[in-house]
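Welcome! Let's take a friendly walk through a protein model, stopping at a few places along the way. Have the picture ready and follow along.

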Amino acid sequence: MFPLNSRYKGLKNPNFFILAKTLHFRDFAKQSSAAFTIALIECERMKVWLINCIDEERKRNIEKTYCSLGTAYLASYVRKYGGYSDLVLSEAGQKLTSEQITLVKPDIVGISSVTQNFDIAESVAKKIKKEIDVPIIVGGKHISALPSTLSKTFSIAVIGEGEETFLELLRAYESHGLENSKLENLNGIAYKKDDKVRVTPRRKLIEPLDKIPFPARDLLDITKDNLHMLTSRGCPYHCVFCASAAFWQRARFNSAGYVVSEIKHLVETYHADNINLLDDLFIANKKRLMEIAQLIKTEGLHNKVSFTCLARANLVDVNIVSVLKHINVTTVNMGLESGCEKTLNFLKCGSVKVRQNMNAVNLLKRYGFHVVASFVIGVPGETWDDSMETLQFLKKARLNDGETYVLLPYPGTQLWNMAKQQGIVNENMDWSKFEIYFEDNPLNRVVVADKLLRTDLLKLLGMFNAEWERHKRRHVFIGRVKSVVNLIMEKTPFYQHN
Ligand code: B12
Ligand code: SF4
């Protein structure tokens, strides 16, 4: 998946040296004629390379399902408000080569990383530094939660929401460089001074959210099969394990008009027939949901595109469900987390009950949705019997699909603070221990369970996975029966209308 810009797709091309020559034309021109150089500098601003760091060696790479929109938002913002148009967006991990770095030859690099990839992000930055001497800025959920861990590998860290801070950094770099004396006046960053990390005050969140243009999907390798959107930032709830709620501080929403224009854009530009609304909690704002539904109907988009979205069991009622049905949402995902009241209470701070989880699944199924859910095991205080209650819940719930994970204490969360106090995690640890799938690294993976052994967790995962398989098989069977019935109904005149 490297790099993603169409301009740089030639990297996989055997003729890429010819392409490289063209790309380095600016350097050639600089040497050949001073006048030409000035003309080029005037029309061409610095080249910005934004990298979403991924683990290219992971067996099951969930990161490749949907590319990161975080860097695409940064790109669209600096393009609109700063006029920076020489932007390269790519993914990179362990397989990044020197050749690729010298081919892109950026003036400044930005790297985005989640916790489990942070060590890879450091090595990507080191590789780039070896080839070219340019500032490397890091941002994202991980470094924002632990700014004091900023290492020498990175020049600066952007803490929290990045668009405005990144724009200011680009402007500063272009006009006077990134010396420390200038950095202390810039909000929302961490940098090194006298070998100590300085963190400047947090920047105000961007308001209204509509100020941020649609993510620069034109710079990503996007097809109609992996289209996704975000229509909000943050969540009104504060679950103990959630890094997102901690990061965004509070919930902000794009207006219904903005959301529907973006849907329309995806339908017109990418011929979208299904869009995955990956917001933490798409249904969080009921008033906005009604407005979106109204606009989707007015625009006739419900006849062109279907949606997948995330919901929360305590918010799922007949009203919400019928609105989702009307706008052609076909799949609803929910983080149900646990079928054990005590465990659920701990994870979600008492905001939802097991009974509400089951009611939500039943209601959604009654309306014909494809219902997908996730659960966690390995929660502090959770016993074998508690996990069995969750397994029983899963057996009873008419879910179409889903997964069970072993709980992780992400930095910035309440769970992180608890795990840190117990010495399970610390700021300087090996971040690959945050492997998503426990079964891929059962000996070293971080675990916060205190009443279950690693071997118990493996056994439990096996039992959960078997149950998920049963659910999937049952739904495939039901799907087949339904299509046969439909076929018979279509072919039998008795069932035909009029
Ligand atoms: C969409 C999404 C996914 C998608 C797509 C992932 C992808 N390729 O981006 C899918 C479904 C595949 C996914 C999977 C997973 N996800 Co996810 N995901 C999200 C979600 C909902 C949105 C991400 C996003 O695009 N945000 C919007 C942009 C604007 O925010 P951003 O990326 O943080 O970028 C902003 C700033 O951080 C900053 N910034 C970021 N990078 C940089 C770089 C520079 C240079 C600068 C200047 C600024 C900057 O500026 C940006 C603009 O403001 C977030 C929660 C959330 N709402 O953010 C969780 C989240 C990122 N996911 C999370 C997790 C745990 C996972 C999974 C492990 C879940 C699982 N159990 O399988 C996997 C692992 C994925 C992986 N990368 O390895 C955690 C990460 C925690 C952490 N500390 O690392 C989050 C925060 C969810 C949570 N509730 O805790 N995820
Ligand atoms: S409801 Fe979801 S997004 Fe909101 S705090 Fe809980 S886990 Fe995070």
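## Around ligand 2

In this predicted model, ligand 2 is surrounded by Cys235, Tyr237, His238, Cys239, Cys242, Ser244, Ala245, Asp280, Leu281, Arg312 and Gly335. A residue counts as near a molecule if its C-beta atom, placed from the backbone, lies within 6 Å of it. This shell divides into 6 nonpolar, 3 polar and 2 charged residues. Here Ala, Val, Leu, Ile, Met, Phe, Trp, Tyr, Cys and Pro count as nonpolar, Asp, Glu, Lys and Arg as charged, and the others, Gly among them, as polar.

A word on reading the model: residues are numbered from 1 along each chain as its sequence is written, while chains are lettered from A and ligands numbered from 1 in the order in which they are written. Because the model is predicted, local features need pLDDT of at least 70 and side-chain atom pairs count only at pLDDT 80 or more, whereas totals for chains, interfaces and linings use all residues.

## Around ligand 1

Ligand 1 has 36 residues around it, and the closest are Gly70, Gly110, Ser112, Gly139 and Gly162. By class, they comprise 19 nonpolar, 12 polar and 5 charged residues.

Which elements supply at least two residues each to this shell? They are H4, strand S3 (108–112), strand S4 (136–139), helix H7 (141–145), H8 and helix H10 (243–248). These labels come from DSSP runs numbered from the N terminus: helices are H or I runs of at least four residues, and strands are E runs of at least two.

## The chain as a whole

The protein chain contains 18 helices and 15 strands. Of its 498 residues, 41% count as buried. Buried means that 20 or more other C-beta atoms lie within 10 Å of the residue's own, exposed means 12 or fewer, and partly exposed is in between, with C-beta atoms placed from the backbone.

Two residues are in contact if their C-beta atoms, placed from the backbone, lie within 7 Å. Among contacts in the protein chain with a separation of 6 or more, 73% join residues 24 or more positions apart.

Now find leucine 50 in strand S1 (residues 48–53). Is leucine 50 buried or exposed? Leucine 50 is buried, because 26 other C-beta atoms lie within 10 Å.

Leaving aside residues up to four places away in sequence, leucine 50 touches Thr71, Leu74, Ala75, Leu87, Leu89 and Gly110. Leucine 50 and leucine 89 are 39 residues apart along the chain, yet their C-alpha atoms are separated by 4.9 Å.

## Where two helices cross

The axes of helix H4 (residues 70–82) and helix H8 (residues 163–176) come within 9 Å and cross at roughly 55 degrees. H4 and H8 are therefore oblique to each other. In H4, Tyr73, Leu74, Tyr77, Val78, Tyr81 and Gly82 meet Glu163, Phe166, Leu167, Leu170 and Arg171 of H8. The residues of this contact divide into 8 nonpolar, 1 polar and 2 charged.

Axes are lines fitted to C-alpha atoms, for helices over the stretch in contact, and angles run from 0 to 180 degrees between N-to-C directions. Angles under 35 degrees count as roughly parallel, over 145 as roughly antiparallel, 65 to 115 as roughly perpendicular and the rest as oblique.

Most residues other than glycine have a negative phi, and most peptide bonds are trans. Glutamate 337, in strand S13 (residues 329–337), has a positive phi of about 65 degrees. Glutamate 337 is buried, because 27 other C-beta atoms lie within 10 Å. The peptide bond from glutamate 207 to proline 208 is cis, with omega near -15 degrees.
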